[in-house]
Amino acid sequence: MISHLNRSARGRRSLAALICGALAAGGLAAAGVSTALAPGAANASSHREAPLISGQPQYDTTDVYAFVSPDRPDTTTIVANWLPFEEPAGGPNFYRFADDARYDVHIDSDGDAQGDLLYRWTFHDQVKNGDTFLFNTGPVTSLDDPDLNITQTYDVELLRLRDQHVISTTKIANDVPVAPSNVGKASMPDYAKLRNDAVRKLQDGSAVFAGQADDPFFLDLRVFDLLYGGDLSEVGRDTLKGYNVNSIALQVPTEHIRQSAGQPVVGIWTTTHRKSASGDWTQVSRLGMPLVNEVVIPLKDKDKFNASAPWNDADFLPSVTNPELPKLIEGIYKIDAPDEPRDDLVSVFLTGVKDLNQPPKVRPAEALRLNTAIPPTAAPKRLGVLDGDNAGFPNGRRLADDVLDISLQVVEGELLGAKNDLGDAVDANDQEFGKSFPYVALPTSGSNGPAAKGQGGDRTQLGGGAELTSGDATDNRTVLAASVGSAVAGAVLVGLGLAWWRMRRRGRWS
């Protein structure tokens, strides 16, 4: 099968091909979750792709990445993101991890669809001054700056599992600070320093990070606007450009997570559990392969899908072997759907590809499978294995891998001889990724936007032609006070008007 995967990238086809590519964007298999934690009824995950979790963004896993570290090839890096579509200027309640959640990264080191290791993050809130609405009360220059009013710390535990049951728990990190949301240039004049200070080395040679980051996923999601506007007028824009996420990153010596040098393939997925009022933990999110729950799993199965375990992923096999998307594409765009059953999709998304990232005696289950013995390449290619770069997706997932284009080309029969160059015309992230851990790009600042670039009109004026940037400071304070006074007077008049109207309706005032 590798001979089918290795090829040179070709040029784009028509806009119709771009459309069908985006239609095929949703992942191609079921995701995994360990029953060691006995999850309760689950909700769906990823970028608002399923009904229930869309209302719980703090628990919503958006993407998982796993790759051999390019600058430390004896280590493996795992990045997982939560809380999709973070508007950078979304204050005063900026973005935090939930303090009633368990954020878990599962490692299957032998391919039996059961977790062998579990790394767990739990977060703790601290508020210095509850009498102010401010996230920060002045410029923040360090993670322990007294002007950073709301902070978070986290602990990391390593759980060892056997037969889906926990046999030991070790705390490997304690009270580590979280990199805060990037409020803006005035509040955080050197955000890169805050990011660097939030990266911590552990005694066993691992490194950890938690904090805000630019959303590394790039794709055009406007397919949901009646297929890119109904006339192909909406295509080729990175819908996630300018949005942030909350990231957790772990860099660990590879020998700690793989079974052996002779069996170097690991399976990786994440889950999120939320604590109920009764003290029980319920799994509310799960994710392994990208784009899992967007358009492949039918609506009636989305919550069941997220409540299930990798061990039971055969329950969703028909969604993979007989996928709905190729039929829809054929009906709309007259592109022939590959013959079923789609055993090629089972190989890529459930078992791993033979001689690439398939462990021996593998049990079919959805997980992000990484062959840790394949070294990183000096010149990564965005189409990964499809373009002859075996260090990329679907062998793990690097930040710059164009998983949407890769997935849709495969679902349209690339491995069956139906060569195609389908894509959504978004080929790279809008921000450059880092060259060292945690690799994710810095989050977009709350200062960014049209107004900050001088497109929002003259912001030196505060009504009545009064300039805030010139003249005596006393004059400016007088103008500000007058403006506030006018606003208060207006509010009083509005309040009296509403009171009169309500009383009149009740017959108490005529």
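These legends walk through close-up views of aromatic rings in a predicted model. Local features need pLDDT of at least 70, side-chain atom pairs count only at pLDDT 80 or more, and totals for chains, interfaces and linings use all residues. Residues are numbered from 1 along each chain as its sequence is written, and side-chain values use heavy atoms, with hydrogens and water left out.

**View 1. Trp82 meets Tyr103 edge-to-face.** Rings of Phe, Tyr and Trp (its six-membered ring) pair if their centres lie within 6.5 Å; planes under 30 degrees apart are called stacked, over 60 edge-to-face, and the rest tilted. By this rule the count comes to 9 aromatic pairs. In the one shown here, the ring centres of Trp82 and Tyr103 sit 5.0 Å apart with planes at 80 degrees, so it goes down as edge-to-face. Trp82 belongs to strand E2 (residues 75–86) and Tyr103 to strand E3 (residues 101–108), so the pair ties together parts 21 residues apart in sequence; strands here are DSSP runs of E, at least two residues, numbered from the N terminus. Trp82 is buried at 1% relative accessibility, and Tyr103 is buried at 0% (buried means under 20% relative accessible area, 1.4 Å probe, protein chains only).

**View 2. Ring pairs build a cluster.** Its members are Trp82, Phe97, Tyr103, Phe123 and Tyr154.

**View 3. Phe437 and Tyr439 pair up edge-to-face.** Centre to centre they are 6.4 Å apart, with 90 degrees between the planes. Both Phe437 and Tyr439 are buried.

**View 4. Two arginines lie over ring faces.** A charge sits over a ring if NZ of Lys or CZ of Arg is within 6 Å of the ring centre and within 35 degrees of the ring normal. Arg363 lies over the face of Trp311, 3.6 Å from the ring centre. Arg397 does likewise over Phe217, at 4.9 Å.

Definitions and conventions: Helices (H or I, at least four residues) and strands (E, at least two) are DSSP runs, numbered from the N terminus. Buried means under 20% relative accessible area, exposed over 50%, partly exposed in between (1.4 Å probe, protein chains only).
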